[in-house]
Amino acid sequence: MIINVVYNMALLLSLSVFFATYPFKNYGTLQNHKLLIGFCIGLVGILVMTNPYVFDSGLTFDSRSILICVSGMTFGFLPTLLASLMMAIFRIFQGGSGMYVGLAVIAFSAFTGILWHSLRFKHACSQFQSFGWEYLLVGVINHVGMLLCMFFLPEPSRSLVLGKMIVPILVFYPIGTYLLCLLVFNQIHRLNIIRNLEDSELRFKTMFEQAPIGMSLTSFDTGKIIDVNQQYLDILGIRREKLLDLEWKDITYAEDLGISEKLNQEIKEGSNGPFSLEKRFVRSDGQLVWVDLALSVIELGRNKERNVLCMTTDISSRKTQEQRILYASTHDKLTGLHNRAHFEDFIRDLCSTSQLPFSVVFGDVNGLRIVNEAFGREEGNLLLQRIAEIIKTFLREGDYAARVGGDEIALLFPRTSAVQAEQMLLSIQEQVARILVMSSVHPSITFGVCELNSFNADINEGIKKAEHDLGSRKIIETPHIRGRAVYAIINTLHEKNKREELHSRRVSTLCAGLARVLNMDERQINEMKLLGLLHDIGKIAINEAILNKEGKLTPEEWTEIKRHSEIGYRILVSVEDMAGLATSVLSHHERFDGKGYPMALKGYAIPLQARIIAIADSFDAMTGDRTYRKKVSQEEAALELKRNAGTQFDPDLTRVFIEQFLQLDWEGLV
């Protein structure tokens, strides 16, 4: 009997060998071949049943109960059902008095194994059981059931079987079940570990290779790059073979090497991270790329070699945007110099006493308002830009420049005396004076300087003194400069439009003549002469095509040309010694009846000088040459003035102009 049991056990062990071989190298593959597995188990079972222990004719004992139970525990319902059916058919074929007992044992063993599989299989696979007492318990339960099946035997066979087989059934069979379970489930557990490792490795490799960010693995001890994914190679613009021959320090931007050294020191001191930092790499094409690095130290292999796993994101676009925002917040958009906010922050943190002598300079662009009014704000902005570019060329390392107002610029020169600063400023002024705005005006810039040469000096006091010095210099320089700018503008207008020049000179003569017959003093006569010359200075900002148009103006063109009196006013009011003329230039198109422009002044609310200009301007317009109409005689022009006296023109001044200046008979004009 023992020999038969050993033989049966050997056949069962062959099942575990079969289980460990191809194509069942992992449990997932095995589950895809359930019918094949059931058929194979059935064949092994039939082989076991061909060499049983024969107790009596037709009454045999073998280890099919172990095989079926363990198969149910391992493979579940379908394979076990197929194998059980095959063995049941074979047992029916064998026949004999023990056939029903044999079928009952097959059914009970299948039920026991399948029930355990549904309740405990996943737990058994996930947790390795070194002794597996649970398997022994299942073997005992299964074979207690086998003993109960013996009650299907008739007497006296039942008593003989129970008396002779109770010990083998309750001892050897459970032990056989236990040993086979250990063998099979240890194999399953080992294969699951291998499968999980392979899955983990595959997942890691897949994530590493297909990650949407750069991934790298580097040996911390040697500094050699072990592996990188394609995304990282794309960020760096480099081939894998070339990169793997380098170290990270070889492609790190020189200014950021200190960041890497600090990180390496932390890792040397035992920190494993995670770490986060931003740095720059030099791409293979020489361009810089900003990256965000997230790093951790991981230990791999039996020797626990320390490796650095790094996840890298290209943040160049974000950094560029940040730099633009920072630049915009600290720099003047027009000139590119620092702005006032940055200047105030800068001087608050500045230690000027460590850089003595220290020169503080404030500059003011002269006549910028005149340029804006005469030629438009675009020309004024262009002038500021050109002046800023000139200033930048003179700045040395450590010097500072900021636009602190519309036309004000602050300069700070460390380790520079006032004499040295004045030399630089003189060179700047000479270059600024070479600029020509609209072929008319040579601009200028005035500077005020303060030298700090004491360790107790206060930078804010230096700024105040530089501003005071600037104010003092502008009192002397600016009026003459602005006056020259006004004459440059009127000369430019006359050079561009000879008709306007002749008209202005004739109006100037007429205004002076009318002033004389009104018995004005010499100063007032000269003032009227100048007003006549400058009354249309605002036309410098009007489109030439409109000024020279032949024929009637459109409503839009007429609106545009009416702006010239306001523009002329703004030009003259910016010049201190011409500010008194500005109101008369502004009002020279007002009408006595209040229907003029730009303010619709009425009667004697219109300045006297403006009422004189209105008469002289209209008289010359009628008697002078025009491309769009013929000129008229003095008599015809005088008659037109008379007709509009009291509506368009001052009636008293009109009569004086006709009778005393033109020497015509007022009453005779009809």
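User: In what order do the five strands of the open sheet lie, and what is the sense of the pairing?

Analyst: The order is E4-E3-E7-E6-E5, with antiparallel pairing. The model is predicted: local features need pLDDT of at least 70 and side-chain atom pairs pLDDT 80 or more, while totals for chains, interfaces and linings use all residues. Numbering starts from 1 along each chain as its sequence is written, and side-chain values use heavy atoms, without hydrogens or water.

User: What makes E4 and E5 the edge strands?

Analyst: Strand E4 (225–228) and strand E5 (275–282) each pair on one side only. Strands and helices here are DSSP runs numbered from the N terminus (E, at least two residues, for strands; H or I, at least four, for helices).

User: How do you know that E3 pairs with E4?

Analyst: Pairing requires at least two bridges found by DSSP, and three bridges join strand E3 (residues 214–219) to E4. The two strands therefore count as paired. One of the residues involved is leucine 217, whose bridge partner in E4 is aspartate 227. Leucine 217 also has a bridge partner in E7, leucine 309; E3 and E7 pair over six bridges. Between E6 and E7 there are 10 bridges, and glutamate 299 stands opposite arginine 306 in E7.

User: What makes helix H12 a helix that packs on the sheet?

Analyst: Helix H12 (residues 257–268) touches E5, strand E6 (288–300) and strand E7 (305–314), where contact means heavy atoms within 4.5 Å. The direction of H12 makes about 140 degrees with that of E5; axes are lines fitted to C-alpha atoms (for helices over the stretch in contact), and angles run from 0 to 180 degrees between N-to-C directions. Helix H13 (residues 316–330) also touches E5, E6 and E7, and its direction makes about 130 degrees with that of E6.

User: Why is arginine 280 called buried?

Analyst: Buried means under 20% relative accessible area, exposed over 50%, and partly exposed in between (1.4 Å probe, protein chains only). Arginine 280 has 15%, so the residue counts as buried. Arginine 280 is found in strand E5. Beyond neighbours within four places in sequence, the contacts of arginine 280 include Ile251, Tyr253, Asp256 and Trp290.

User: What makes the pair of phenylalanine 619 and phenylalanine 657 edge-to-face?

Analyst: The planes are 75 degrees apart, which is over 60, and the centres are 5.3 Å apart, which is within 6.5 Å. The pair links helix H25 (residues 608–623) with helix H27 (residues 651–661), 38 residues apart.

User: How do you know that the charged end of lysine 562 sits over the ring of tyrosine 597?

Analyst: The rule asks for NZ of Lys or CZ of Arg within 6 Å of the ring centre and within 35 degrees of the ring normal. Lysine 562 is counted, at 5.2 Å from the ring centre of tyrosine 597. Arginine 306 also lies over a ring, that of phenylalanine 220, at 5.7 Å.

User: Why are the buried residues of H23 placed on the same side?

Analyst: In helix H23 (residues 564–573) the buried residues are His564, Ser565, Ile567, Gly568, Ile571 and Leu572. They cover an arc of only 160 degrees around the axis, which puts them on the same side of H23; the arc is that of the directions from the helix axis to the C-beta atoms.

Definitions and conventions
Phe/Tyr/Trp six-rings, centres within 6.5 Å; stacked < 30°, edge-to-face > 60°.
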